[in-house]
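Open the model in your viewer and keep the selection tool at hand. We will go from stop to stop.

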Amino acid sequence: QVQLVESGGGLVQAGASLRLSCAASGRTFSDYAMGWFRQGSGSEREFVAVIRWDGALTYYRDSVKGRFTISRDNAKNTVYLQMNSLKPEDTAVYYCAKGVTSWGLEFDYWGQGTQVTVSS
């Protein structure tokens, strides 16, 4: 089993920054890619970013490129999502996810999510 626990969400104004964290346990964290997803009210869950097992490769959805940065600390079994220049359309519940392999866009475990609300 894998446990993923997100934290760091909150209510901020447009233009502000937030840093989300996801603490993982239950498997060898450093063997797998890790990702972030989000789901806005009335919307489907969408991919946000992914990072390779070693942190050397990342990939983002177009709407967050240049504003969000995914990173990881394998010694702490934690993945982060630094979100800058936040916009109201970034409002969503953000979930971290464990990759099926060391790199790719397939995920098999998700956390419970953390709410991010951006006011205009």
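This is a predicted model: local features need pLDDT of at least 70, side-chain atom pairs count only at pLDDT 80 or more; totals for chains, interfaces and linings use all residues.

**Stop 1**

Select β1, β3, β8 and β7. These four strands make an open sheet, in the order β1-β3-β8-β7. Their pairing is antiparallel. Now pick out residues 3-7, which are β1, and residues 68-73, which are β7. Both strands stand at the edges. Each has a single partner strand, so one side of each lacks a neighbour in the sheet. Turn the view to follow the twist, which averages 15° from one strand to the next.

**Stop 1**

Strands of a sheet pair through backbone hydrogen bonds. Next, select valine 5 and look across to β3: alanine 23 stands opposite.

**Stop 2: arginine 38**

The structure holds seven salt bridges. Start at arginine 38. Is arginine 38 buried or exposed? Arginine 38 counts as buried, because its relative accessibility is 6% and the cut-off for buried is under 20%.

Which side chain meets arginine 38 at 2.6 Å, N to O? Select glutamate 46: the two form a salt bridge. Glutamate 46 is partly exposed, with a relative accessible area of 27%.

Now select aspartate 90. Aspartate 90 also forms a salt bridge with arginine 38, with the closest N and O atoms 2.9 Å apart. This pair links distant parts of the chain, 52 residues apart. Arginine 38 sits in strand β4, residues 34-39. Aspartate 90 lies in the loop between β8 (78-83) and β9 (92-99). Aspartate 90 is buried, at 1% relative accessible area.

**Stop 3: lysine 98 and aspartate 108**

Move on to lysine 98 and aspartate 108. Their salt bridge has its closest N and O atoms 3.1 Å apart. Lysine 98 is in strand β9, while aspartate 108 is in strand β10, residues 107-110. Lysine 98 is buried, with a relative accessible area of 3%. Aspartate 108 is partly exposed, at 34%.

**Last stop: the network**

Select Arg38, Glu46, Arg61, Arg67 and Asp90 together. Salt bridges with shared partners join these five residues into one network.

Definitions and conventions:
Residues are numbered from 1 along each chain as its sequence is written. Side-chain values use heavy atoms; hydrogens and water are left out. Two strands pair if DSSP finds at least two bridges between them. Helices (H or I, at least four residues) and strands (E, at least two) are DSSP runs, numbered from the N terminus. Axes are lines fitted to C-alpha atoms, for helices over the stretch in contact, and angles run from 0 to 180 degrees between N-to-C directions. A salt bridge is a side-chain nitrogen of Lys or Arg within 4 Å of a carboxyl oxygen of Asp or Glu. Buried means under 20% relative accessible area, exposed over 50%, partly exposed in between (1.4 Å probe, protein chains only).
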